[in-house]
Amino acid sequence: MDFIKEWTYTICIILVISVIFSLLTPKGNMGKFFKIILAAFIFLSFIYPLKSAEIDFAFPEFSMEGMDTAQRETYESSIATQVNQTLEAGGYNSCTVKSNIKMKDNEIHITNLTISIPSSYDKEEVKNYIFDSLGIHAEVYYLGE
């Protein structure tokens, strides 16, 4: 709090001195030059006390590791949703989809796509449908396996 009191006091003194000097400046081009110098002096008087202030301008550390994990989970969820929508469009309902991806150089590689289906569907038929529709090789299991 002392810092703000001192800063306010200093600015008031600088402004009073600047007003006195601005009244004493000559007219014409030379007067404009002096007013520019006074304006720069006032501007610096506002900023200079910040240099000696004990204000902590440290920002919290930003971790890309946590962002990569969240981003990866978002992509995995998006892929699983897309596959599930494709299955439903093909008439395969009540399926569970789980995907695992690997991100490298701004590219997404699907490392594993697992689909669990009810026992009323044929595994090979579902596997071929996903490959024909999306071009993805999937592991297909019956629910409970």
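How many helices and strands are there in the protein? The predicted model contains four helices and three strands, where helices (H or I, at least four residues) and strands (E, at least two) are DSSP runs numbered from the N terminus. Residues are numbered from 1 along each chain as its sequence is written. Because the model is predicted, local features need pLDDT of at least 70 and side-chain atom pairs count only at pLDDT 80 or more, whereas totals for chains, interfaces and linings use all residues; side-chain values use heavy atoms, with hydrogens and water left out.

Along the sequence, the elements follow the pattern α-α-α-β-β-α-β. Of the 145 residues in the protein, 21% are buried; buried means under 20% relative accessible area, exposed over 50%, and partly exposed in between, with a 1.4 Å probe and protein chains only. Contacts are defined by heavy atoms within 4.5 Å. Among those between residues at least 6 apart in sequence, 50% join residues at least 24 apart.

The three strands form an open sheet with the order S1-S2-S3 and mixed pairing; two strands pair if DSSP finds at least two bridges between them. Strand S1 (96-104) and strand S3 (139-142) are the edge strands, each pairing on one side only. On average, neighbouring strands of this sheet are turned by 20 degrees against each other, direction ignored. Axes are lines fitted to C-alpha atoms, for helices over the stretch in contact, and angles run from 0 to 180 degrees between N-to-C directions. Helix H4 (residues 123-134) packs on the sheet and touches S2 and S3, its direction making about 145 degrees with that of S3.

S1 and strand S2 (residues 107-117) run antiparallel and are joined by nine bridges. Within this pairing, Val97 stands opposite Ile115 in S2, and Asn100 stands opposite Asn112 in S2. The hairpin of S1 and S2 has two residues between the strands, and Asp105 there takes a positive phi near 55 degrees.

Ser99 is also found in strand S1. This serine is buried, with a relative accessible area of 4%. The side chain of Ser99 reaches the backbone oxygen of Glu76 at 2.8 Å. Not counting residues up to four places away in sequence, Ser99 touches Glu76, Ile79, Ala80, Asn112 and Leu113.

In soluble globular proteins, nonpolar side chains tend to be buried together. A nonpolar core is taken here as a set of buried Ala, Val, Leu, Ile, Met, Phe, Trp, Tyr and Cys residues joined through side-chain atoms within 4.5 Å. The largest such core has 16 residues, and those with the most contacts inside it are Val83, Leu87, Val97, Leu113, Ile115 and Ile130. Helix H3 (64-89), S1, S2 and H4 each supply at least two residues of this core. H3 gives the largest share, four residues. Leaving aside neighbours within four places in sequence, Ile130 is in contact with Val83, Leu87, Leu113, Ile115, Gly135, Ile136 and Ala138.

A search of the whole structure finds three aromatic pairs. Rings of Phe, Tyr and Trp (its six-membered ring) pair if their centres lie within 6.5 Å; planes under 30 degrees apart count as stacked, over 60 as edge-to-face and the rest as tilted. The Tyr92 and Tyr121 rings are edge-to-face, because their centres are 5.2 Å apart and their planes are at 80 degrees. Tyr92 lies in the loop between H3 and S1 and Tyr121 in the loop between S2 and H4, so this pair ties together parts that are 29 residues apart in sequence. Tyr92 is buried, with a relative accessible area of 8%. The rings of Tyr92 and Tyr129 have centres 5.5 Å apart and planes at 55 degrees, and the pair is therefore tilted. Since Tyr129 lies in helix H4 and Tyr92 in the loop between H3 and S1, the pair ties together parts that are 37 residues apart in sequence. Tyr129 counts as partly exposed, at 24% relative accessibility. Tyr92, Tyr121 and Tyr129 form one aromatic cluster.

Asn128 also lies in helix H4. At 41% relative accessibility, Asn128 counts as partly exposed. The C-alpha atoms of Asn128 and Ala138 are separated by 8.9 Å, the two residues being ten apart along the chain.

Key: A polar contact is a pair of N or O atoms within 3.5 Å; within protein, one must be able to donate a hydrogen and the other to accept it, and residues adjacent in sequence count only if both atoms are side-chain atoms.
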